[in-house]
Amino acid sequence: WLLTPAGKRLVNRSAPPWTYAAAAVDLNGDGKPEFVEGRSDSHLYIMVPEKHLLEKLKPLNLGGLAVGIQPLGPGKLAVATANGRVLWVNGSLKVTAKADIQGDITGFTKSGDFLYAICSKGRVYRLKDGRILFSNSVGTMASDNIWQPSVAGNELGVIAAGGKIVILLK
């Protein structure tokens, strides 16, 4: 569902392709959010609220299932895919930079000017503008473990967990 701030339903979509990652981002710089969806068909869709209707713009093929979307300011966002790719995308849905990570991405967050991705192999990556700045192991898990490495962040810092190790990155 897409709701107004007062809770009124604008859109009710329950048909495939399913949404796996979503964010509200001002992509065209008009001060109003666009609704960004990474769907099960490995495409990024931008929906623009117009008089309680949604106008769908041409989707971007991500080359993998989206697992996270992070707004980077007006006209910019980053998308992480399950197959280990982070894409920087502008408001015209053009890829401006990309970074490939060794492993499947299971978590994606932002803190300050940096993005953080964690992969199934238990490594957390710090990224900016298409570059991997560093990576660090947060432990590995048995292949039959139901838990996945995870990462969360805000303006104060980032915490990454995998196996028995937790680290704080600033």
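Predicted model: local features only at pLDDT ≥ 70, side-chain atom pairs only at ≥ 80, totals over all residues.
Q: How do I read the pairing of strands, say β9 and β10?
A: Look at the direction in which two strands run and at the bridges between them. Strand β9 (residues 76–81) and strand β10 (residues 85–90) are antiparallel partners, with five bridges. To find your place in the pair, look for A78, which faces W88 in β10.

Q: What happens in the hairpin of β9 and β10?
A: Three residues lie between these strands, and G84 in this hairpin has a positive phi near 95°.

Q: Which strand comes next to β10 in a hairpin with four residues between the strands?
A: That is β11. Strand β11 (residues 95–100) pairs with β10 in the antiparallel sense, again over five bridges. V89 is opposite V95 in β11, and in this hairpin L93 is the residue with a positive phi, near 60°.

Q: How do I read a nonpolar core, and which residues have the most contacts inside the largest one?
A: The general idea is that nonpolar side chains tend to be buried together in soluble globular proteins. In this model the largest nonpolar core has 17 residues, and V36, L44, L62, I69, L77 and V79 have the most contacts inside it. Two or more residues each come from β3 (19–25), β5 (43–50), β8 (66–73), β9 and β10. Another core, of 14 residues, lies apart from that one and includes V86, I101, I105 and Y125.

Q: How do I read the open sheet, and why is one side of β12 and of β15 left without a neighbour?
A: Follow the order of the strands across the sheet: β12-β13-β14-β15, with antiparallel pairing. On average, neighbouring strands here are turned by 20° against each other, direction ignored. Between β12 and strand β13 (residues 114–119), which run antiparallel, there are six bridges; T109 is opposite Y116 in β13.

Q: What share of the 170 residues is buried?
A: In the protein chain, 39% of the 170 residues are buried. Its accessible surface is about 9,500 Å², and carbon and sulfur atoms hold 53% of that.

Methods
Residues numbered from 1 in each chain as written. Heavy atoms only, no water. Pairing = 2+ DSSP bridges. Core = buried A, V, L, I, M, F, W, Y, C linked by side-chain atoms within 4.5 Å. Buried < 20%, exposed > 50% of the residue type's maximum accessible area, 1.4 Å probe, protein only. Axes fitted to C-alpha atoms, helices over the stretch in contact; angles between N-to-C directions. Areas by Shrake-Rupley, 256 points an atom, 1.4 Å probe, with all protein chains shown as cover.
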